[in-house]
Structure formats: C-alpha cells, structure tokens
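Here is a report on a model with several chains, moving from one chain to the contacts between chains and then to a few individual residues. Have a look at the structure first.

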Amino acid sequence: MPNRSLSELAELCGATLEGDGALEVRGPASLEQAESDQISFLNDEKHAEKLATTRAAAVIVPQGLAVDRDDLALLRAEHPNAAFSEVIVAFAGDCDGPAPAVGVHPKAIVHETAELGTGVSVGPFCVIGAGVRIGEGCVLHERVSVQHGSSLGPACVLHAGVVLRPAVQLGARCTLHSGVVIGADGFGYDPAPPDGWKKVPQCGGVRIGDDVEIGPNTCIDRGRFGDTTIGDGTKIDNLVQVGHNCQVGSHSMLCAHVGISGSTTLGPWVVAGGRVGFAGHIQIGQGAQIGGGAGVFHSLEGGQEYMGLPARPRGEYLREVTLIKRLPEMKRTLRDLERRIAELEGETA
Amino acid sequence: MPNRSLSELAELCGATLEGDGALEVRGPASLEQAESDQISFLNDEKHAEKLATTRAAAVIVPQGLAVDRDDLALLRAEHPNAAFSEVIVAFAGDCDGPAPAVGVHPKAIVHETAELGTGVSVGPFCVIGAGVRIGEGCVLHERVSVQHGSSLGPACVLHAGVVLRPAVQLGARCTLHSGVVIGADGFGYDPAPPDGWKKVPQCGGVRIGDDVEIGPNTCIDRGRFGDTTIGDGTKIDNLVQVGHNCQVGSHSMLCAHVGISGSTTLGPWVVAGGRVGFAGHIQIGQGAQIGGGAGVFHSLEGGQEYMGLPARPRGEYLREVTLIKRLPEMKRTLRDLERRIAELEGETA
Amino acid sequence: MPNRSLSELAELCGATLEGDGALEVRGPASLEQAESDQISFLNDEKHAEKLATTRAAAVIVPQGLAVDRDDLALLRAEHPNAAFSEVIVAFAGDCDGPAPAVGVHPKAIVHETAELGTGVSVGPFCVIGAGVRIGEGCVLHERVSVQHGSSLGPACVLHAGVVLRPAVQLGARCTLHSGVVIGADGFGYDPAPPDGWKKVPQCGGVRIGDDVEIGPNTCIDRGRFGDTTIGDGTKIDNLVQVGHNCQVGSHSMLCAHVGISGSTTLGPWVVAGGRVGFAGHIQIGQGAQIGGGAGVFHSLEGGQEYMGLPARPRGEYLREVTLIKRLPEMKRTLRDLERRIAELEGETA
C-alpha cells in the first residue's frame with residue numbers, strides 16, 4: 001500500500017484539513033494504537049480525552065470540536081466514522097481478494113436445467129441443482145450448494161461452503177458468508193409416546209429480500225408450509241438461528257447467537273443484541289431494541305428498548321437490577337425494623 | 001401443484017367434512033394469511049377467535065368445536081395439526097428435492113476398504129475414509145465426509161457438508177443436516193502455567209442411536225475415552241453443542257443454541273428450550289423440561305419444569321420474577337414503615 | 001487394541017503400583033462404567049466414595065489416599081488425571097485417523113503463486129488461493145479453503161471444511177476444527193434511514209498466535225481496519241463468535257457459544273464459561289473468570305470471578321441469588337410489620 005498525503009485523504013473523504021497537506025501517512029489505526037505515520041479518527045466527542053495522548057499524525061474529528069494539540073493534523077468531517085471508512089478503503093484497496101472468474105469452473109457441477117444470468121461466477125466444487133436460477137452478476141465462491149429449484153436475484157455473493165436447500169429464494173445483492181445454511185427443515189415434532197416424536201413435515205421455503213447480509217454459520221429454516229421470510233435490507237450476524245415460518249421485517253438487525261423460535265414475527269427496524277432468544281409464536285413491534293442476552297417470552301411493543309431474562313422495558317430492568325443490588329441493605333433494614341417494633345410492642349404492652 | 005377438492009382432502013386426512021366437497025383449494029396457509037382458495041387449520045381452541053376473520057375457504061378444526069361461520073367449510077379431525085400435515089404433504093409432494101442418484105458419484109472419493117450397503121447414494125465431492133461402513137439405503141448429499149472407521153446404520157441421510165470424524169457410529173434412519181460436525185475433539189486442557197494449557201487427549205467416539213435428527217451446524221464432540229452418546233429418537237435443533245462424554249437419553253429434545261458441557265447426563269424425554277446451558281458433570285432426570293435461556297448449574301430432578309438463570313423450578317421462578325417486579329413497591333413500603341416507626345418511637349419516648 | 005498389563009501401564013504413566021503387575025486390562029473407563037477388566041482413575045478425593053463400588057480392576061489414585069479395597073489394584077500418581085491420559089493414549093493409539101498423504105491431492109486446487117513448505121498435506125477438494133503461504137508440516141484435510149494472501153505457520157492442522165478468508169495469519173501448531181470460518185466481514189453498518197443500513201467496509205485481517213485450538217463452526221471476524229487478534233496458547237471451543245477488532249489475550253479459554261462483540265479486549269488467562277456474552281468496546285482484565293451464561297456489559301477487573309446477567313462479582317451474585325430466593329419471606333415479614341405498626345398506631349392514637 002503506498003503512502004497517501006493528508007490533502008489527498010481530506011479531499012477523498014470530504015473533510016476540511018487543518019495541518020500540513022503534504023504530510024504522508026501509511027494507513028489507518030485506532031487512536032490508541034496509531035503510530036506517528038498513521039491516521040486515526042474520533043467519532044464520539046465523549047472520548048475526546050484520547051486526543052491528548054494519541055501518537056497519530058492526523059485525526060478525523062467532528063466539525064466543531066476544540067482540540068488542544070498543535071502537533072496534530074485535523075481532518076474535520078460531518079461524519080468522522082463514515083469519512084474514516086473512506087480512508088480505510090483507500091488504503092486497503094480490494095480487501096475481499098479476487099472472486100472466482102466469470103463462468104462455471106470446470107470442477108463445478110451445474111445441472112443442465114439451471115439458468116445462469118450473464119456474468120455469473122461459479123467456483124470450483126459448487127453443486128447447482130435442477131431448475132435453479134442464478135441472477136446476473138452473482139458470485140459463488142468454492143463449494144457452494146444451490147439445490148433444486150432455488151433462485152438468486154442479481155449480484156448476490158455466496159461465500160465458500162454456503163448451502164441453499166430446495167425452495168430458497170434470495171433477492172438482489174444478498175451476501176451470504178461461509179457456512180450459512182438456508183432452508184433446512186424446521187424443528188417440528190409431534191409427541192408420540194411411547195415411540196417418541198413424529199416428524200412434522202417441513203414443506204415450505206425461505207424467501208429473503210434484497211440487500212440482506214448473513215454472517216457465517218447462520219441457519220434459517222424453511223417453513224412448515226408457506227415461507228420463512230427475511231425483509232429487505234436486514235442484516236444478520238454470525239451463528240444466528242431463525243426458526244421455521246418466522247417473518248423477520250425489513251431493515252432489522254440480528255446480532256450473533258440470536259435465536260428466533262418458530263412462527264415468530266419481527267417488525268421492521270428491530271434490533272436484537274447478541275444472544276437474544278425469542279419464544280415461538282410472538283410478535284415484536286417495529287423498531288423494538290432488545291439488549292444482549294435477553295430472553296423474550298411474550299410479544300413486545302415496538303419503539304422501545306428491552307433488556308433482561310425475561311425481557312422487560314429497559315428502565316424497569318435497570319431499576320430492578322439496582323434494587324436487587326440493594327437487597328442486602330433492605331434485609332438489614334427489615335431486621336432493624338422488626339427489632340424496633342418488638343421494642344415498641346414491649347413498651348406499650 | 002394441482003388444486004384438490006375438499007372431499008379428497010378430508011378423506012386423505014381422515015376428517016369429517018362439513019361443507020361443499022367439490023370445492024377446490026390450491027394449498028395450505030395459516031388462518032391469518034389464507035386467501036379464499038386456501039385451506040387452513042385451528043389446532044388449539046384458545047385461538048378460536050381467528051375463525052371469525054379468516055378468509056380461508058376451509059379450516060381443519062377439532063371435533064366438537066362450535067363454529068359460527070356458514071361460509072366456511074369445516075374438516076373435523078381428532079388431531080387437526082396432524083391432519084393438516086397430511087394436507088401440506090399432499091400439496092407439496094416431494095419437498096426435499098431429488099437425492100443424489102444411487103451409487104457413488106464419479107467426483108466422490110471412496111476408500112477401497114469402505115463398505116457400502118445396497119442402494120447407497122454418495123454425492124459429488126464426498127470423501128469416505130478407510131474402514132467406513134455405510135448401511136443400506138443411506139443418502140449422502142454432496143460434500144459429506146465420513147472419516148476413518150466411522151459407520152452409518154441403514155437409511156441415514158447426511159446433507160451437504162456434514163463431517164463425521166473418526167470413531168462415530170450412527171444408528172438407523174438418522175438425519176444430519178448441513179454443516180453438522182460429529183466427533184471433533186472435546187474441549188479439555190489441563191492448566192500448565194506458565195506455558196499455558198496442555199491438551200487432554202480425546203480418544204473416545206460418538207455413538208448415536210436410531211431415528212435421531214440433528215439440525216444444521218450442530219456439533220457433538222467425541223469422548224475423552226468411551227463415547228459421547230445420543231439415545232434413540234432424540235431430536236437436536238440447529239447450532240447445538242454437546243460436549244465430550246455427555247450421555248443424552250432417548251427421545252430428548254434439544255432446541256437451538258443449547259449447550260451441554262462435558263460429562264453431563266440427560267435422562268430420556270428431557271426437553272431443553274432454546275439457548276439452555278448445562279454445566280458439566282451433572283445429571284438431569286427423566287422428563288425434565290427446561291425453559292429457554294435457562295442456565296443449569298446443578299443436577300435436576302426429572303418430571304418437572306425449570307426456568308431462569310440459575311435454573312430453578314418453574315413455580316419458584318415465576319414467583320420470584322413477580323416479586324422482583326414488586327421491589328420498587330417493597331422499597332417504598334419499607335421507607336414508609338421506617339417513618340411510621342420513628343414517629344411511634346418519638347411518641348413513646 | 002491389545003490388552004496391557006498393570007506393570008506396563010504403571011511404568012508408562014509414572015505411577016507406583018500396588019497390586020498384581022501381571023494383571024491385564026483391556027482399556028480405560030470411568031469408575032461408574034468400568035467393568036472388571038478395565039482401568040479407571042480418581043482425580044479428586046472428594047469423589048473417593050466411588051472407589052467402594054467400582055467394578056474396575058485397577059484405579060489410578062492420588063499418592064496419599066487411603067483406599068479400603070483389597071481386590072482393587074492401585075496405581076498411585078501425583079497427577080492421576082494426567083496419568084490416566086497416558087493410559088488412554090496407550091490404548092487408543094492414533095485416535096485421529098490417518099491424515100491426508102503428504103503432497104497435494106490431485107483433486108485439490110492450489111494457485112501457482114501459493115508457497116507450500118516441506119511435508120505439507122493438502123487433501124482433496126481444497127482450494128488454496130494466490131499468494132498463500134503454508135508452513136512446513138501443515139495438514140489440510142479435505143475441503144479446506146485458504147484464500148488469497150493468508151498464511152499458516154508450521155505444523156497447523158485444518159480439518160474438513162475450514163475456511164480462511166483473505167488476510168488471515170495463523171501462527172505455529174494451530175488446530176482448526178471442521179467448519180471454522182476465520183476472517184469473514186465484521187458486523188458493522190451505519191444507520192441510513194429511510195434506506196436502511198450502510199455497510200461499514202471491513203478491510204482488516206485476523207492474526208492468530210501459536211498453539212491456538214479452535215472448535216468446530218466457530219467464527220472469528222476480520223477487523224474493520226487493523227487485525228482481530230488471538231493470543232498464543234488460547235483455546236476456543238465450538239460455536240464461538242469473536243467479533244471484529246477484538247483482541248483476545250494469550251492462554252485464554254472461551255467455552256462453547258461464547259460471543260464477543262466488536263473491539264472488546266480480553267487480557268491473558270481469561271476464562272469465559274459456556275454462552276458468556278461480552279458487549280463491544282470493553283476491557284476484561286487478566287485472569288478474570290466469567291461463569292456460564294453471564295452477560296458482560298461493562299469492563300471487568302482481572303483476577304476475579306464473575307457470574308450472572310448482568311455479570312457481577314461471584315460473591316455478590318451468590319448473595320443476591322440467595323436473597324431473591326428469600327423474597328417471598330421478606331414480603332411476608334413486611335406485611336406482618338405493617339400490621340403490627342398499624343396496631344401500635346391504633347394504641348397510641
């Protein structure tokens with residue numbers, strides 16, 4: 001990676017430079033880790049004290065922030081975080097590495113009835129089933145399975161080892177990371193003692209909107225009937241489980257290890273922190289935000305924050321956590337009152 | 001999928017028809033989503049109010065339920081859910097897509113000492129190790145590994161990307177979904193400061209009974225010595241972790257994200273909800289049911305329900321959750337009593 | 001596996017034999033499950049009562065332990081657990097099964113610019129990208145991807161289905177189990193309503209030290225800029241998630257289902273039990289031990305134990321759990337005091 005001058009970087013990210021534009025830096029780093037030939041950023045003014053000690057040559061900062069460092073070049077930007085992303089990309093270039101070449105790799109297996117759009121790349125050891133349709137410009141890295149009758153909209157990227165079972169539909173511009181499994185059977189059994197459990201047939205599909213990104217090793221199960229659906233623009237992190245017949249709204253965000261039991265509906269713009277679990281057959285309203293580790297057993301209204309096991313409104317949860325911390329004190333007070341009452345009772349007896 | 005008449009469907013699922021048997025529907029849907037040419041079902045009478053508004057043409061309902069809708073055809077069944085499953089399958093046909101052809105795909109690698117039963121399918125890019133035995137009628141989809149000395153009973157299905165490490169034995173009719181890894185090393189290290197951790201050798205195997213189904217990306221580790229075991233008929237959901245030397249009883253059910261630490265024993269018919277964690281070296285009694293998100297640190301008696309972190313009997317947990325909600329009120333009461341006592345003390349002083 | 005005599009086993013594991021050295025046993029088993037021709041071990045004296053009933057022929061026990069069983073051969077060792085490991089390995093032999101042959105399997109694809117050290121094995125259906133470097137003696141089982149520019153130190157073992165995305169560096173002697181995905185994009189998006197979320201470019205890498213072992217289906221994301229790092233000797237269990245730009249110290253231990261949000265730092269020798277979740281941008285001090293299922297929302301001091309959701313010092317947590325159990329009693333006391341005060345107030349009125 002060649003060095004870049006501060007004036008070049010300021011122009012690139014639309015920032016106003018205060019300092020020596022000819023100064024060159026070799027790459028981005030955090031305020032703590034930056035060395036004297038690197039550029040950093042401060043997104044949130046509440047961490048402004050880090051500016052006093054950083055060794056960075058230059059820092060992208062918010063527009064109006066007062067900075068008391070003569071030796072530090074400043075790039076003032078409206079959105080320092082977004083500006084820093086531009087700098088990162090400028091230095092990194094294509095950080096994804098090369099995609100498989102356009103066309104079908106000779107070591108891939110594509111069924112004769114599959115339809116591939118123009119400019120599609122199918123990497124080695126892929127298996128594409130009968131009746132599959134792959135939209136133009138899709139990139140399938142090595143070892144991807146797209147099984148019988150599934151379809152991809154244009155410009156999707158499927159990383160190494162992704163499996164789409166039958167009856168999966170992806171919209172446009174979806175990215176599925178390695179190890180993602182979409183469309184496996186939902187987890188449904190009827191009790192049939194003494195012989196055990198009888199499998200409930202799982203015959204629906206999975207329908208995923210446009211611009212959805214799904215992290216490594218995440219699983220989304222097919223519906224029992226009808227489809228499990230993921231709305232446009234929703235982002236799903238690693239190791240997430242979405243059960244059969246769930247309906248996840250658009251622009252939602254599911255962090256790592258989230259689990260959604262069958263037939264639960266999330267409205268649009270829902271944010272679930274890491275490890276949040278949802279019971280089955282419940283509804284989560286638009287814009288609900290659920291903190292990490294929470295367990296949601298009942299439907300939740302939208303537009304609010306929730307925390308805890310069981311999940312409850314954030315304010316209520318925080319109050320309860322505080323009071324639980326005070327339980328030893330409450331217990332002492334209670335004992336003290338008992339003693340004082342007994343004394344009073346003795347006096348008035 | 002062709003349309004089907006209500007009389008045909010009623011016969012198929014053993015229901016009694018009330019309505020026009022010649023009426024045709026095009027498929028199954030939920031009460032909420034059904035359109036006027038679809039069939040739905042009501043399993044639980046407590047949701048009977050949905051019947052008033054559904055647009056479905058016909059609904060499978062319990063035998064004795066009173067329904068006040070002249071325009072709605074009814075199919076009365078003893079087990080509406082099971083009857084609906086028959087309807088789903090009738091419409092869906094083979095919803096799994098075609099299996100790989102019987103025989104070994106030319107792009108699979110099968111060791112010369114492996115023994116394959118009659119009617120076995122081995123898909124492309126599979127790798128079958130030395131001494132492996134695969135029972136008759138097994139289906140291995142693409143990219144499956146069955147390593148050195150492992151064995152499958154008859155009629156197992158291994159989906160794309162499954163890995164069986166050495167020393168794994170599957171019973172009959174097991175289904176392993178994509179990304180399942182069975183028989184990797186257990187997580188065992190002895191502290192050896194200052195150099196770090198010394199690996200404890202993991203030399204046991206994994207023994208899985210008949211009719212076990214295991215969801216995508218679930219992991220079951222091999223024993224340190226002896227086998228990790230899963231009993232007949234047990235069903236395991238996605239992204240579950242079963243540690244080394246665990247003994248999971250028959251007909252148990254482990255929902256998504258469950259984690260069982262090493263050497264823990266679950267009796268038969270245990271049900272663990274999503275994200276339940278079990279400490280190591282504990283015993284869970286027959287038929288214990290543990291609610292989602294619970295953390296089990298100690299052995300539990302069978303035949304009861306448990307919830308919470310730490311897990312405790314359900315009634316106790318619910319009482320405590322209710323009382324925690326009342327902590328602000330208790331605190332106020334406490335302050336009020338303090339004031340009143342101080343007053344009384346003043347008076348009697 | 002041939003039988004082995006007790007004198008042979010005692011010598012092998014450095015134990016002192018009390019009993020008939022010529023007696024042969026056929027393998028290791030737990031005290032509960034051992035039959036009369038097997039050898040077992042007792043590591044912790046607090047379970048010494050199991051010695052009374054075991055059917056084992058011989059047991060490895062701590063040096064000074066009094067044992068009242070004339071029919072039981074004893075092998076006295078300083079570290080019975082470690083000694084038993086030697087016995088396990090003696091019986092099991094090579095329990096990992098054979099590795100792929102040294103050299104590149106004809107069905108693997110290795111880019112012409114990749115550099116392979118001496119003695120490297122690359123199994124079938126592997127894909128090795130441009131500029132990759134693989135240290136001497138590494139073993140890549142079948143279906144492993146090492147993408148563009150990544151590198152492995154000497155003597156690493158990558159099991160079937162592992163994916164290393166670009167910009168991943170492994171140290172020496174790392175073991176990655178099946179389904180591990182290292183270097184996928186971090187989960188970072190800027191809110192951009194009404195259109196949804198804008199992806200924050202993820203251009204950093206992952207740097208993993210020496211002697212790191214990583215369990216099946218675990219994911220470690222690449223940094224946004226700079227590297228996500230895992231220190232020397234750290235052990236990571238199955239289904240763990242390490243977010244972008246996390247810094248995990250050396251000799252730490254992350255149990256199954258642990259999730260670490262982005263930019264969080266763990267010091268050396270941190271132990272996180274199963275399902276522990278860490279918020280982003282926090283610091284965990286050296287040697288902190290966090291109990292299973294805990295949720296860590298704030299930075300934690302090292303050298304202590306923590307439990308609960310939210311995580312708090314272990315003693316505090318246990319006290320609170322005890323007091324929560326007593327809430328019904330506290331509520332009754334409170335009601336009783338109210339009644340008694342009202343009575344006193346009546347008397348003094």
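The model is a predicted one, in which local features need pLDDT of at least 70 and side-chain atom pairs count only at pLDDT 80 or more, while totals for chains, interfaces and linings use all residues. Residue numbers start from 1 along each chain as its sequence is written, and chains are lettered from A and ligands numbered from 1 in the order in which they are written.

**Chain A as a whole**

Let's start with the overall build. Chain A has four helices and 40 strands. Its radius of gyration is 27 Å, well over the 20 Å that the globule rule gives for 349 residues, so chain A is more spread out than a compact globule. That radius is taken over C-alpha atoms, and the rule is 2.2 Å times the number of residues to the power 0.38. The C-alpha trace of chain A spans about 100 × 80 × 30 Å along its principal axes.

Even so, buried residues make up 58% of the 349 residues in chain A. Buried stands for 20 or more other C-beta atoms within 10 Å of a residue's own, exposed for 12 or fewer, and partly exposed for anything in between, with C-beta atoms placed from the backbone. As for contacts, two residues make one if their C-beta atoms, placed from the backbone, lie within 7 Å. Among contacts in chain A between residues at least 6 apart in sequence, 20% join residues at least 24 apart.

**How the copies relate**

Chain C can be laid on chain A by a turn of 120° and a shift of 0.1 Å along the axis, with an RMSD of 0.1 Å. These two copies are thus related as by a three-fold rotation axis. Superposition is by least squares on the C-alpha atoms of residues with pLDDT of at least 70 in both copies.

**Where the chains meet**

Here are two of the interfaces. Residues are classed as nonpolar (Ala, Val, Leu, Ile, Met, Phe, Trp, Tyr, Cys and Pro), charged (Asp, Glu, Lys and Arg) or polar (the others, Gly among them).

| Side | Residues in contact | Classes on that side |
|---|---|---|
| Chain C, touching chain A | 54 residues of C with 54 residues of A | 28 nonpolar, 18 polar, eight charged residues |

On the side of chain C that touches chain A, the largest share, nine residues, comes from α4(C).

Helices also pair up across chains. Two packed helices are described by the angle between their axes and the distance between the axes. The axes of α4 (residues 327-348) of chain A and α3 (residues 314-325) of chain C come within 9 Å and cross at roughly 50°. That makes α4(A) oblique to α3(C). Axes are lines fitted to C-alpha atoms, for helices over the stretch in contact, and angles run from 0 to 180 degrees between N-to-C directions. Under 35 degrees counts as roughly parallel, over 145 as roughly antiparallel, 65 to 115 as roughly perpendicular, and the rest as oblique. In this pair, L327(A), P328(A) and K331(A) meet R319(C), E320(C) and L323(C). By class, the contact of α4(A) with α3(C) has three nonpolar, no polar and three charged residues.

**Some backbone details**

The peptide bond from L309(A) to P310(A) is cis, with omega near 0°. P310(A) sits in the loop between β39 (305-307) and β40 (312-313) of chain A. In chain B, the bond from L309(B) to P310(B) is cis too, with omega near 0°.

A155(A) is not a glycine, yet has a positive phi of about 60°. The loop between β16 (151-152) and β17 (157-158) of chain A holds A155(A), and the residue is buried, with 20 other C-beta atoms within 10 Å. R143(C), also not a glycine, has a positive phi near 60°. R143(C) lies in the loop between β14 (139-140) and β15 (145-146) of chain C and counts as buried, with 31 C-beta neighbours inside 10 Å.

Technical notes
Helix = DSSP H or I, 4+ residues; strand = E, 2+ residues; numbered from the N terminus.
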